[in-house]
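This note is intended for a colleague who is new to the structure. Please read the points below with the sequence and the model at hand.

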Amino acid sequence: MKVQTLIIGAGAAGMMCAAHAGPGVLVVDHARAAGEKIRISGGGRCNFTNLHTAADNFISQNRHFAKSALGRYTQWDFIALVDAHRIPWHEKTLGQLFCDTSAKDVIAMLRAEMVRARAELWLDTQLGEIGHDGTDFTVTLTRNGRDQAVTARNLVVASGGKSIPKMGATGLGYQIAARFGLPLVTPRPGLVPLTFSDERFKPLAGVAAPARVTAGGTGFDEALLFTHRGLSGPAVLQASSYWDEGDPISVNLTPGTDLLGALQGHRHSDPRKALTTILSLYLPARLVDYLAEGLTLTGTMADQSDARLATICAALADWQVTPSGSEGYRTAEVTLGGVDTDALSSQTMAAKAVPGLYFIGECVDVTGWLGGYNFQWAWSSGWAAGQAIRQGQGGS
Ligand SMILES: Cc1cc2nc3c(=O)[nH]c(=O)nc-3n(C[C@H](O)[C@H](O)[C@H](O)COP(=O)(O)OP(=O)(O)OC[C@H]3O[C@@H](n4cnc5c(N)ncnc54)[C@H](O)[C@@H]3O)c2cc1C
C-alpha cells in the first residue's frame, strides 16, 4: 500500500497534523482509541491551551526553537477552531482554558477535522521495521493479525513521550530518531511529584498551602500539596521540570505575605498567645505543628524578639528540602528532553538530514509548563508539519 504521508501516533499532535497535511494521509496507533491522553487530561475536561502561551513557557535546550510554530499557529487559532466546533469552554485560572463538558469534545473535533481532510486512521496497529531508500519510507504494520507494508513519501513521528506507560507511551519516537541518526536530549520525567525516601511528609499527607517553589533558579507561585511519599501540587509539578536529582528545592511558605510585619503586630495585640497559634493563622495548623520542632517554635508572642521573628520568617520563606527522587514516568504528565531541536527545522519540524521525516509534539525536546502549554505545542508543531507537507516543503 502506498500513501503520501504516514503519521505514527493518533494523539494530539498526530491528529492535528493529519487534519492539515493534505491528501493521502494514514495515521496509525497501537492504542484501541485515538487521543487517549486528551481524554484523561485536565481531570477529563482537557486544559487545551493557555491564553498566555509564549516561548518562555517551554523548556528546551534551544529556547528559541518553539517560537516559529507557536507564532504561526497560536492559542487564538486553536480557540477559533474550538469555537467553530461549538465546544463550550471556560478559563479556570492563570489563562488555562478547559472544556465545560468533556475532553471527548476535543477528540471528536480532531476526528471530524481528520474526516474532513480525508485522513485515514488505523488503530490497534503495531509497528515493525522502518526502511528508507532515500526517497520513500517503508513501514511494516501489523493489523488484525496481518502484516502489511506501507510505503510513504513523508513519515511523521507523533508518538509522544514515555510518560504513563500504562496508557501506551513507549518512547518509540526516540528509537526512530536513533534509527535515522538524530541526536537526543536525554528524556526524563517532567511535571511529576517529588519523593522523599524517608517518607518524612507522611504526617502531613493531604495538607495543601499556597507556596512559591523554586528549582534550578525558576520559581512557581501555586498550590503545594503534601503526600504520603513527598511533595506534589501544581507548584511542585512545575518546579520538578527544572529540578536536577540531588539538588535541593526552595519552598517559600509565605509568598506575597509580610509575615514579619504581621507577627510584630500580633506580638502587640496577642502577647499571651502561643507563637504556633498565631502562625496557624497564616499556615495550615498541621504544617506549623510539623515545623515546630525543627524551627523551635516555642513560647508566646511576647517571648519573641524582632531578631527571632525575622529568623523564623526567613526560614519559612526559604525552606530547603532535597527530594530523593520523583514518581517517575508512572505519573509524570510529560517527558522532558527528546529529539534534539538542532536536528530539526523550526519552521517545518522536518529532520534536516532526512528529507520527508518529521517529529512533532512531545517526542521533541520542547516541554511546556503545566497549564495547557503542552497541548498548544502539540497543536502548533502538528500544524507546522502538516502545512509544510501540504505545501511540499521540508524535503518531501
Ligand atoms: C494525566 C495527564 C494529564 C495531562 N493533562 C494535560 C492538560 O490538561 N493540558 C496539557 O496541555 N497537557 C496535558 N498533558 C500532557 C499532554 O497530554 C501531552 O503533552 C500531549 O498529549 C502530547 O501530545 P502528543 O501527540 O505528542 O503525544 P500523545 O498525546 O501521547 O500521543 C502519542 C500517541 O502515539 C501512540 N504511540 C505511542 N507509542 C506507539 C507505538 N509504539 N506504536 C504505535 N503508536 C504509539 C500512543 O498510543 C498515542 O496515541 C497531560 C498528560 C497526562 C499524562
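1. The second largest pocket holds about 150 Å³ of space. A pocket is found on a 1 Å grid over the protein atoms alone, as an open set of points where a 1.4 Å probe fits, with protein on both sides within 12 Å along at least five of seven lines. Grid points are joined across faces, edges and corners, and the volume is the space filled by probe spheres set on them.

2. The model is predicted: local features need pLDDT of at least 70 and side-chain atom pairs pLDDT 80 or more, while totals for chains, interfaces and linings use all residues. Residues are numbered from 1 along each chain as its sequence is written, and side-chain values use heavy atoms, with hydrogens and water left out.

3. The residues that line the second largest pocket (those with an atom within 4 Å of a point) are R188, P189, V192, L194, S240, W243, D244, E245, G325 and S326. Strand 11 (184-190) and strand 18 (325-326) each contribute at least two residues to this lining. By class, the lining comprises four nonpolar, three polar and three charged residues. Here Ala, Val, Leu, Ile, Met, Phe, Trp, Tyr, Cys and Pro count as nonpolar, Asp, Glu, Lys and Arg as charged, and the others, Gly among them, as polar.

4. As to the overall architecture, the protein has twelve helices and 21 strands, taken as DSSP runs numbered from the N terminus (helices H or I, at least four residues; strands E, at least two). The C-alpha trace spans about 85 × 40 × 40 Å along its principal axes. Of the 396 residues, 54% count as buried, that is, under 20% relative accessible area with a 1.4 Å probe and protein chains only; exposed means over 50%, and partly exposed lies in between.

5. Which residues come nearest to the ligand? Among the 30 residues around the ligand, they are A13, D29, T170, E362 and F375; a residue belongs to this group if one of its heavy atoms lies within 4 Å of the ligand. The shell divides into 13 nonpolar, 13 polar and four charged residues. Helix 1 (12-20), helix 2 (36-40) and helix 12 (373-390) each supply at least two of its residues, and helix 12 gives the most, with four.

6. A polar backbone atom of H30 is 3.2 Å from a nitrogen atom of the ligand. An oxygen atom of the ligand lies 3.2 Å from a backbone N or O atom of G42, and one is 2.8 Å from a polar backbone atom of F375. Taken alone the ligand exposes 1000 Å², of which the protein buries 91%; these areas come from the Shrake-Rupley method with a 1.4 Å probe.

7. Is G216 buried or exposed? G216 has a relative accessible area of 65% and is therefore exposed. This residue lies in the loop between strand 13 (208-215) and strand 14 (218-226).

8. Two buried residues may be examined together. M301, in the loop between helix 10 (285-292) and helix 11 (306-317), is buried because its relative accessible area is 0%. N252, in strand 16 (residues 249-252), is buried with a value of 16%. The side chain of N252 reaches the backbone nitrogen of T254 at 2.8 Å.

Key:
A polar contact is a pair of N or O atoms within 3.5 Å; within protein, one must be able to donate a hydrogen and the other to accept it, and residues adjacent in sequence count only if both atoms are side-chain atoms.
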